[in-house]
Amino acid sequence: MADDFNVDITPSVTTYELYQIASYTHWFAIGEFIDNSITSAFLNWEDLQKLYGGKYQLNIEIDFDNDGKTLTIVDNAAGIARDEIQRALRAGEPPADRSLLSVHGVGMKMSSFWMGRNLNIKTWPLNVSLGYEVSVDLDEIKRTKSAITQVHEIPKKQWPGTVITLSKINDEKLPKGTGVAKLKLLLTSMYRLYLTNTEQRVNIKFNGKPLVFKNPEILNVPFWPDREGLLNEVSVRWE
């Protein structure tokens, strides 16, 4: 018999509704999910390396389906442990370890409900023989006036990781046209240090295409302090 369990997100219900009208941006919203994936992987990097035989790389895939009005974020990080699921769904409860990117306990919830009205999480924690699935639907919460959300056990997957699906996304919250190019450019810039890290490799794909950061060419010429000309012939790296 499956050992399902409930999580109580009652203090967060009205807060979630307010997130819908918050002043926010797509790059900050999606960045919160990327932050969570990076934090999960980096805190468990050694164990993940052992599991992958020393060839582990963090892979994050971000896919918008404008026709279906959904956003899916998939990673192969360390998953969400059972005792962390309730904290992850309650606004304002930060994680115990705040040494990396996820520090306030607000980001994923605000990002999810700024964009959509349904959040589904499937997660397979590292070194656990099963996974967990939970959904939070704002319309269902309003209908039932209950914020007790059931977490279901799901079969184990070969590798740990998490799949987050946001649905019921409003049309105005779906990036379109030049907004998609801008979003990809900003995400590439925001995570450039991770995308170019050769020791702890992070790969991010957006709608199937990898984000690739190229370092800009840095000017390397002598200094001209005024119109009179060069201070000397020594070149200066202008960065």
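**Notes on helix packing and side-chain pairing**

1. In this predicted model, helix α2 (residues 26-43) packs with α7 at an angle of about 45°, and their axes lie 10 Å apart. Angles of 65 to 115 degrees count as roughly perpendicular and those under 35 as roughly parallel; α2 and α7 are therefore oblique to each other. The crossing of α2 past α7 is right-handed.

2. Which residues make this contact between α2 and α7? On the α2 side they are His 26, Trp 27, Ile 30, Gly 31 and Ile 34, which meet Lys 182, Leu 183, Leu 186, Leu 187 and Met 190 of α7. Sorted by class, the contact of α2 with α7 comprises seven nonpolar, two polar and one charged residues.

3. Turning to charged side chains, the whole structure contains six salt bridges. One of them joins Lys 168 to Asp 137, with the closest N and O atoms 2.8 Å apart. This pair links distant parts of the chain, 31 residues apart: Lys 168 belongs to the loop between β7 (161-167) and α7 (178-190), while Asp 137 belongs to strand β5 (residues 131-137). Lys 168 is partly exposed, at a relative accessible area of 38%, whereas Asp 137 is buried, at 15%.

4. A second pairing is found within helix α6 (residues 138-144), where Arg 143 and Glu 140 both lie, three residues apart, or about one turn of the helix. Their side chains meet in a salt bridge of 2.5 Å, N to O. Arg 143 is exposed, its relative accessible area being 59%; Glu 140 is partly exposed, with a value of 36%.

5. Arg 237 also forms a salt bridge, in this case with Glu 239, and the closest N and O atoms are 3.1 Å apart. Is Glu 239 buried or exposed? Glu 239 is exposed, with a relative accessible area of 74%. Elsewhere, salt bridges with shared partners join Arg 117, Asp 137, Asp 139 and Lys 168 into one network.

6. Buried means under 20% relative accessible area, so Thr 70, at 19% relative accessibility, counts as buried. Leaving aside residues up to four places away in sequence, Thr 70 touches Asp 63, Phe 64 and Asp 65, together with Leu 166, Ser 167 and Ile 169.

Methods:
Residues are numbered from 1 along each chain as its sequence is written. This is a predicted model: local features need pLDDT of at least 70, side-chain atom pairs count only at pLDDT 80 or more; totals for chains, interfaces and linings use all residues. Side-chain values use heavy atoms; hydrogens and water are left out. A salt bridge is a side-chain nitrogen of Lys or Arg within 4 Å of a carboxyl oxygen of Asp or Glu. Helices (H or I, at least four residues) and strands (E, at least two) are DSSP runs, numbered from the N terminus. Buried means under 20% relative accessible area, exposed over 50%, partly exposed in between (1.4 Å probe, protein chains only). Contact means heavy atoms within 4.5 Å. Axes are lines fitted to C-alpha atoms, for helices over the stretch in contact, and angles run from 0 to 180 degrees between N-to-C directions. Angles under 35 degrees count as roughly parallel, over 145 as roughly antiparallel, 65 to 115 as roughly perpendicular and the rest as oblique. A crossing is left-handed if the near helix is turned anticlockwise from the far one by less than a right angle, and right-handed if clockwise. Ala, Val, Leu, Ile, Met, Phe, Trp, Tyr, Cys and Pro count as nonpolar, Asp, Glu, Lys and Arg as charged, and the others, Gly among them, as polar.
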